[in-house]
2 protein chains.
Amino acid sequence: MNRILLGHGSGGKLMHELIKKYIAPVFELSTLMDSAIVNINHSGKVAITTDSYTVSPLFFPGGDIGDLAINGTVNDLAVVGATPLYLTVGFILEEGFPISDFERILNSLSKAAKMAGVRIVAGDTKVVDKGKGDGIFINTSGIGIVPDGIELSPLKIEAGDKVIISGSIGNHGIAVMSERNGFVFEPPVLSDSRALNGLIGEILKNLSSSIKVMRDPTRGGVATTLKELALESSKDILIYENAIPIHDTVKGACDLLGLDPLYVANEGIFIAIVRAESAEKILQIMKSHPFGLESAIIGEVTGDGGKTLLKTFIGGTRIVDMLPGEQLPRIC
Amino acid sequence: MNRILLGHGSGGKLMHELIKKYIAPVFELSTLMDSAIVNINHSGKVAITTDSYTVSPLFFPGGDIGDLAINGTVNDLAVVGATPLYLTVGFILEEGFPISDFERILNSLSKAAKMAGVRIVAGDTKVVDKGKGDGIFINTSGIGIVPDGIELSPLKIEAGDKVIISGSIGNHGIAVMSERNGFVFEPPVLSDSRALNGLIGEILKNLSSSIKVMRDPTRGGVATTLKELALESSKDILIYENAIPIHDTVKGACDLLGLDPLYVANEGIFIAIVRAESAEKILQIMKSHPFGLESAIIGEVTGDGGKTLLKTFIGGTRIVDMLPGEQLPRIC
């Protein structure tokens, strides 16, 4: 048996074997109950999130659908100020999917969960007929606790606030794109897929009252995220093109492919809008964390409005809108 | 625009329009944050579960993938003794999927959530290329609180305990099967898709200390669930064929199709193993709830072992094992 069969989703013997042999040991699941029972020693605000991952191809430079599914969901909890605790994992497997690939992804999920310090507590496995899926889709949902006193919101954004980004942009999208189309860049572009709860924990521990809001610019990229924040806060946000960290290879790849890096997906950086007087201090904390080495202040909130504006290299100013349609499908 | 486009999963403008126009109003989501923030006024045990729904066809007599996705996840929480509170919903849409079907499913999700008394607090939408999915797959994950003092476990099962089932078997599987294959039964067989937290709440409120364990016999049916319970408790469970509630049409359909109704999926019943002396009282409570009218005591725990045995109509006894492979694929 080296491929997934429809029977692996039956609820019967084959499914129990698959779970017992491959899934339960990797996730250290002890029982196969309908629900996991966990202890939450915190009465108050809890963050809940869900994300399905349909990235194609499944394996790409710097990551795969497994670590992406953990990191993406951990990051969605972290950017609202929560401490991620428990994740669930749901698989939709296509009949005929190689079990060796499934094992590789299971290991990647497990390793990423350990690195992020979260526990996978419940799972589900479904199998669809050949031609009705695409190898594997993964849903991860997660919960985390929001420490008392932390309440991030775009409504806290004020004129003068600074915009900080935690790393260079476009790496994930270009890495997936290069694998999908067989492009080879030198040096290779690696996905930035990584869990940000450690880095975010550092700044919240020290300066939580100075953080207005955080977001991770995944699908739609930095441009879409900043436009969302401008709309939700009814403030104008101005960013400086020459302040935005981007690797030369990513820039070159975007030029070559006709992509605007501001719209390319990221999976390991976040944007924070912070009180101006604490911006430098926050930046220093971020730069001293291994996942924040390339952090930079890239802009500021200029006043009421709802627009995002980009000051270009050559000194012009252009309006930044959301991605109108689809630039890179199936990127996460 | 009447079909799903790849751009609806882009993270950009089209996706925002889809969410704003169709999804957010139905679920009453006010913000589009990375994570929902909810209040849980309970420090202690919390139940967490996840399930993906890939049922084919999407619409069938008595239900559709939307109410199934709510009821299945609510029931997974309810059978471990939890009060379901919050659900997340993740969509994987196939390019070209009719938006009218999506709307119908959204309404069904919303209606089922209201009926079950749970709130949908977070969502996610991905789109895959035509031919890489099957219309729509839905993941729902859920959390609920486990009231103090409730601790259900197969390890509590003892010889003498009674096995109660809350309704007639096989309805969901046969309803989906009939729609898939164009069979018409008279009277029509309807899926039993429904949320069991109300009914379960009634018995837990009154007699929680008499309930050893509960399970909902979905994929793999009653036989697989009872075999799991026998294995996990290391007890023998004996059930009586003539005590198991089943509608004549379902029985006839199973005969016709060569299916064993004990292995056919259910989506609106549960099995409870209970202390013998409270069994009749629990049965009375169940029978007085609209979702438990057909409840019956179907067997008992006979001693140590790990087997499930069936006393047949004609008086023989046969061993009941898990479903070996696949009987009805894509049933939930």
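**Close-up views of the chain A and chain B model**

**View 1. Salt bridges across the interface.** Between chain A and chain B there are 10 salt bridges, each a side-chain nitrogen of Lys or Arg within 4 Å of a carboxyl oxygen of Asp or Glu. One of them joins A:Arg330 to B:Asp129, with the closest N and O atoms 2.6 Å apart. The model is predicted: local features need pLDDT of at least 70, side-chain atom pairs count only at pLDDT 80 or more, and totals for chains, interfaces and linings use all residues. Residues are numbered from 1 along each chain as its sequence is written, chains are lettered from A and ligands numbered from 1 in the order in which they are written, and side-chain values use heavy atoms, with hydrogens and water left out.

**View 2. Polar contacts and make-up of the chain A side.** Across the interface of chain A and chain B, 33 residue pairs are in polar contact, both residues at pLDDT 80 or more. A polar contact is a pair of N or O atoms within 3.5 Å; within protein, one must be able to donate a hydrogen and the other to accept it, and residues adjacent in sequence count only if both atoms are side-chain atoms. Strand E2 (residues 44-53) of chain A gives the largest share of the side of chain A that touches chain B, nine residues. Strands (E, at least two residues) and helices (H or I, at least four) are DSSP runs, numbered from the N terminus. That side of chain A divides into 30 nonpolar, 27 polar and 17 charged residues. Here Ala, Val, Leu, Ile, Met, Phe, Trp, Tyr, Cys and Pro count as nonpolar, Asp, Glu, Lys and Arg as charged, and the others, Gly among them, as polar.

**View 3. Buried area.** Chain A and chain B bury about 6000 Å² between them, 56% of it on carbon and sulfur atoms. Buried area is the accessible area (1.4 Å probe) that two parts lose on being put together, summed over both. In chain A, the residues losing the most area to chain B are A:Asp34, A:Ile48 and A:Arg219, together 13% of what that side buries. The contact (heavy atoms within 4.5 Å) takes 74 residues from chain A and 74 residues from chain B.

**View 4. Strand pairing between the chains.** Strand E1 (residues 36-40) of chain A pairs with strand E2 (residues 44-53) of chain B in the antiparallel sense, over five bridges. Pairing requires at least two DSSP bridges between the strands. A:Ala36 has B:Ile48 as its bridge partner in E2(B).

**View 5. Strand E8 of chain A.** Strand E8 (residues 162-165) pairs with strand E11 (residues 271-274) of chain A, antiparallel, over four bridges. E8(A) also pairs with strand E12 (residues 296-304) of chain A, antiparallel, over four bridges. A:Lys162 stands opposite A:Val274 in E11(A). In E12(A), the bridge partner of A:Lys162 is A:Glu300.

**View 6. Backbone exceptions.** Most residues other than glycine have a negative phi, and most peptide bonds are trans. The peptide bond from A:Glu186 to A:Pro187 is cis, with omega near -5 degrees. A:Pro187 sits in the loop between helix H4 (171-181) and helix H5 (197-207) of chain A. B:Ser56 and B:Pro57 are also joined by a cis peptide bond, with omega about 0 degrees. B:Ser234, not a glycine, has a positive phi of about 55 degrees.
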